[in-house]
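Dear colleague,

I am passing on the structure that we spoke about, and I would be glad if you could look through it alongside the notes below.

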Amino acid sequence: MEPLQVAIIGSGLIGRSWAMVFAAGGFKVKLYDIAQEQLTTALENIRKQMKEMEKLGVLKGALSAEQQLALISVCTDLKAAVEGATFIQECTPENLELKKKIFGQLDLTVGDSVILSSSTSCLLPSKLFTGLKHVKQCIVSHPVNPPYFVPLVEIVPHPETDPSTTERTYALMKKIGQSPVKLNREIEGFVLNRLQYAVISEAWRLVGEGVISPTDLDLVMSDGLGMRYAFIGPLETMHLNAEGVSSYCERYAEGMKCVLNTFGPVPEFSGETVQKVNQALSEKIPAVPKVLDARRKWRDECLTGLAKLKTQMKSD
Ligand code: NAI
């Protein structure tokens with residue numbers, strides 16, 4: 001049977017990662033970009049990453065690196081890129097006008113059963129898709145960087161998205177081994193970034209007020225909360241840290257509210273605190289490409305190890 005086909009629009013960091021995830025799932029992938037050299041670099045980078053992962057025994061999917069690479073082709077013609085695709089994942093820069101233009105072009109090209117999906121981190125579906133003829137087939141599938149190692153995908157519908165589009169996208173994400181979650185309605189920051197920004201805000205206030213050093217603040221997460229959160233979420237934490245959620249609320253609601261009432265206003269993320277945090281981080285990890293890249297590589301290796309451990313520890 002001919003493999004199902006997807007199109008990836010934009011071959012940067014996220015587009016490449018989606019291409020690898022879909023190829024690992026056995027899909028034929030057409031990778032589109034405006035610049036041929038960008039596509040050439042993307043393919044080289046994908047080849048290198050796949051070969052390396054194969055060597056380390058962490059390549060996803062049942063196919064070899066060569067078989068997966070054979071599923072990916074590149075193209076600078078939008079119409080040709082999406083022809084035959086059942087799912088289109090847009091991964092162009094985070095610019096509303098640019099994305100609207102691309103979805104406008106796709107709207108004129110696609111049939112009635114293709115799903116038009118965007119990787120956007122923060123543009124709301126109502127901003128991206130309103131007015132499109134195929135709005136029922138439009139959805140946001142927001143990945144987490146790097147999607148190859150961090151499987152979560154937030155699925156966010158437009159108010160007019162057909163429920164079948166949401167269900168099909170959810171099923172597809174499951175099929176390729178990602179971990180989809182459905183939002184019932186759009187909201188600024190979706191869910192992941194709302195949680196992330198709540199953490200960043202309080203981290204920033206604590207460092208800004210001199211309660212803790214930037215390095216120790218990060219340790220609270222990496223050697224404390226984060227260890228738990230890789231396996232269970234904040235709500236299950238409540239459940240397990242007492243005799244169930246009701247018992248947790250009975251015991252700790254007053255204490256939590258007391259602490260929460262001391263949280264300060266939204267930080268400006270400017271001035272002295274920027275310098276303080278930047279100095280501490282730059283001493284540990286100088287902000288130059290070579291060092292940052294090495295640290296990112298180490299982070300990805302950690303995430304690969306964690307992903308392996310999570311598979312072994314699977315409990316649901
Ligand atoms: P990037 O800058 O690495 O890649 C963008 C790609 O789009 C480039 O290859 C560029 O040549 C191409 N491009 C520009 N104009 C185009 C056009 N008109 N048609 C086709 N391709 C075009 O960006 P990145 O980081 O891959 O982000 C892509 C999307 O994914 C953004 O919406 C971003 O918000 C989202 N995202 C990014 C994450 C991240 O951590 N980088 C995480 C989750 C989502």
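This is a predicted model: local features need pLDDT of at least 70, side-chain atom pairs count only at pLDDT 80 or more; totals for chains, interfaces and linings use all residues.

Residues are numbered from 1 along each chain as its sequence is written, and side-chain values use heavy atoms, with hydrogens and water left out.

The largest nonpolar core has 32 residues, and W18, F22, V29, I46, M50 and M173 are those with the most contacts inside it; a core here is a set of buried Ala, Val, Leu, Ile, Met, Phe, Trp, Tyr and Cys residues joined through side-chain atoms within 4.5 Å, where buried means under 20% relative accessible area, exposed over 50%, and partly exposed in between (1.4 Å probe, protein chains only). Helix 1 gives the largest share, six residues. Apart from this core lies another, of 26 residues, which include I9, Y32, A85 and V156.

The whole structure holds eleven salt bridges, each defined as a side-chain nitrogen of Lys or Arg within 4 Å of a carboxyl oxygen of Asp or Glu. In one of them K51 pairs with E66, with the closest N and O atoms 2.7 Å apart, and this pair links helix 2 to helix 3 across 15 residues. K51 is partly exposed at 33% relative accessibility, and E66 is likewise partly exposed at 39%. In another, E94 meets K99 at 3.8 Å, N to O; here E94 is partly exposed, at 38%, whereas K99 is buried, at 1%.

Towards the C-terminal part, an unreviewed UniProt entry annotates residues 189-253 as "domain: 3-hydroxyacyl-CoA dehydrogenase C-terminal"; its positions are given in the numbering used here, feature names are shortened, and annotations may be inferred rather than shown by experiment. That span is 75% helix and 0% strand, and its end C-alpha atoms lie 26 Å apart. S247 sits in helix 11 (residues 245-260) and is buried, with a relative accessible area of 13%. Y252 is also found in helix 11, but is partly exposed, at 35%.

With best wishes

Methods: Helices (H or I, at least four residues) and strands (E, at least two) are DSSP runs, numbered from the N terminus.
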